[in-house]
Amino acid sequence: MSKLVIVGTVAFDAIETPFGKTDKILGGAATYIGLSASNFNVDAAAVSVVGGDFPQEYLNLLKDRGINISGIEIVKEGKTFFWSGKYHNDMNSRDTLATELNVLEHFNPVVPEDYKDAEIVMLGNLHPLVQQGVLDQMNNKPKLAILDTMNFWMDIALSDLLNVIKNVDVITINDEEARQLTGEYSLVVAAQKIHEMGPKYVVIKKGEHGALLFHDDNVFYAPALPLKEVFDPTGAGDTFAGGFAGYLAKTGDISFENMKNAVIYGSTLASFCVEKFGTERMVNLKDNEVHKRLQQFKDLTQFEIVLE
Ligand code: AMP
């Protein structure tokens, strides 16, 4: 088993979907990644920052799932990062209504001493300088550095983002963001261009249309599990990333073949995330539910064709 460092926002989110609306609830990239990775019982630590307004019970949720939270700084006089978004009727696209950086604006991440030798680093969504700051604190170059980001950082910190992208092995990004980053409509061409920026592996998430994993000329595709009800897609991308990183940390095998399984785990966990608002579904997820859904995934995608 490998140690895992998780970086990302720990946040308050206010979400609106065609099914309802929430006030400020628990959110953030590191929260979703941590909850998702905790399904693998890995030795993981979260690095983030919150304000004095952040309830201890929210931090305890991560702690109770076995995530080390000593790297989550609490700025007593500060306010927690806040994001608000509204989903369109197709639930695949959304508008960001507000992004208030608050304590994130002056955040200097500190990786807990015991985790500076972690083999896997999951750089979740937040300022690319913070992502790079975490990489710089590791004792050695990690066995695998994975980066997730979003259009917000492309808009306001593109050159910092390109710098950190150079230093990672895997990028997980959604289709719209891959197009924005490369200026290419074809995702195959976009993945090639992203390879040229640094990452050897490129994962492009396509929401309800699944995910693609590219490595050189190899491509693997996993559909998303067709679900009866999708209430809130918030955090699905981070949950995917947490499942992907958590599975690789558990198995310690970073081959392309094993990454295919990591994509399946990521997709499976993300399929739970969207069933309830916010983190609700992920907080109560049980091993047997995951197991059952992996079987459904297998049944969905397996077929036997005899090729003459
Ligand atoms: P996802 O739906 O996977 O893209 O992630 C949604 C989560 O990302 C929410 O819980 C937000 O708090 C968080 N988030 C939104 N905007 C940003 C941003 N600019 N940087 C970091 N995290 C963000």
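**A loop residue and its surroundings**

A: Asp169 touches Lys141, Lys143, Leu144, Ala145, Pro199, Lys200 and Tyr201, leaving out residues up to four places away in sequence. The model is predicted. Asp169 sits in the loop between α5 (158-165) and β11. Is Asp169 buried or exposed? Asp169 has a relative accessibility of 6%. Buried means under 20%, so Asp169 counts as buried.

β11 spans residues 170-174, and the buried residues of α7 pack against it. They also pack against α6 (175-182), β12 (201-205) and β13 (211-215).

Take α6 first. Asn174 caps the N-terminal end of α6. A side-chain oxygen of Asn174 lies 3.1 Å from the backbone nitrogen of Glu176. Which residues of α6 are buried? They are Glu177, Ala178, Leu181 and Thr182. Viewed down the axis of α6, the buried residues fall within an arc of 120°, so they line one face of the helix. An α-helix has 3.6 residues a turn, so residues three or four places apart point the same way. The cover over the buried residues of α6 includes α4, α5, β11, α7 and β12. Gly183 follows α6, with a positive phi near 75°.

Now α7, residues 187-197. Ser186 caps the N-terminal end of α7, with a side-chain oxygen 3.2 Å from the backbone nitrogen of Val188. The buried residues of α7 are Leu187, Ala190, Ala191, Ile194 and His195. Down the axis of α7, these buried residues fall within an arc of 145°, so they too line one face of their helix. Gly198 follows α7 and has a positive phi, near 150°.

Most residues other than glycine have a negative phi. Asp216 is not a glycine, yet its phi is positive, about 50°. Asp216 lies in the loop between β13 and β14 (218-222). At 55% relative accessibility, Asp216 counts as exposed. Asn102 is also a residue other than glycine with a positive phi, near 50°. Asn102 lies in the loop between β8 (94-100) and β9 (120-123). Its relative accessibility is 25%, so Asn102 counts as partly exposed.

On to the ligand. How many residues surround the ligand? There are 19, and the closest are Asp13, Gly28, Arg94, Gly235 and Asp238. By type, the shell divides into nine nonpolar, seven polar and three charged residues. β2 (11-17), α4 (151-156) and α8 (236-251) each supply at least two residues of the shell. The largest share, three residues, comes from α8.

Several polar atoms face each other here. A polar side-chain atom of Asp13 lies 2.4 Å from an oxygen atom of the ligand. A polar backbone atom of Gly28 is 2.7 Å from an oxygen atom of the ligand. For Thr9, an N or O atom in the side chain is 2.9 Å from a nitrogen atom of the ligand. Taken alone, the ligand exposes 510 Å², and the protein buries 94% of that.

Two further elements complete the tour. The buried residues of α1 are Ala29, Ala30, Thr31, Tyr32, Ile33, Gly34, Leu35, Ser36 and Ala37.

Ala37 leads on to α8. Gly246 has its place in helix α8. Gly246 is buried, with a relative accessible area of 0%. Leaving aside neighbours within four places in sequence, Gly246 is in contact with Leu4, Ala37, Phe40 and Val42. Gly246 and Val42 are 204 residues apart in sequence, yet their C-alpha atoms are 6.8 Å apart in space.

Definitions and conventions: Residues numbered from 1 in each chain as written. Predicted model: local features only at pLDDT ≥ 70, side-chain atom pairs only at ≥ 80, totals over all residues. Heavy atoms only, no water. Near = heavy atom within 4 Å. Polar contact = N/O pair within 3.5 Å; in protein donor to acceptor, adjacent residues only side chain to side chain. Areas by Shrake-Rupley, 256 points an atom, 1.4 Å probe, with all protein chains shown as cover. Helix = DSSP H or I, 4+ residues; strand = E, 2+ residues; numbered from the N terminus. Nonpolar A, V, L, I, M, F, W, Y, C, P; charged D, E, K, R; others polar. Buried < 20%, exposed > 50% of the residue type's maximum accessible area, 1.4 Å probe, protein only. Contact = heavy atoms within 4.5 Å. Arc of directions from axis to C-beta.
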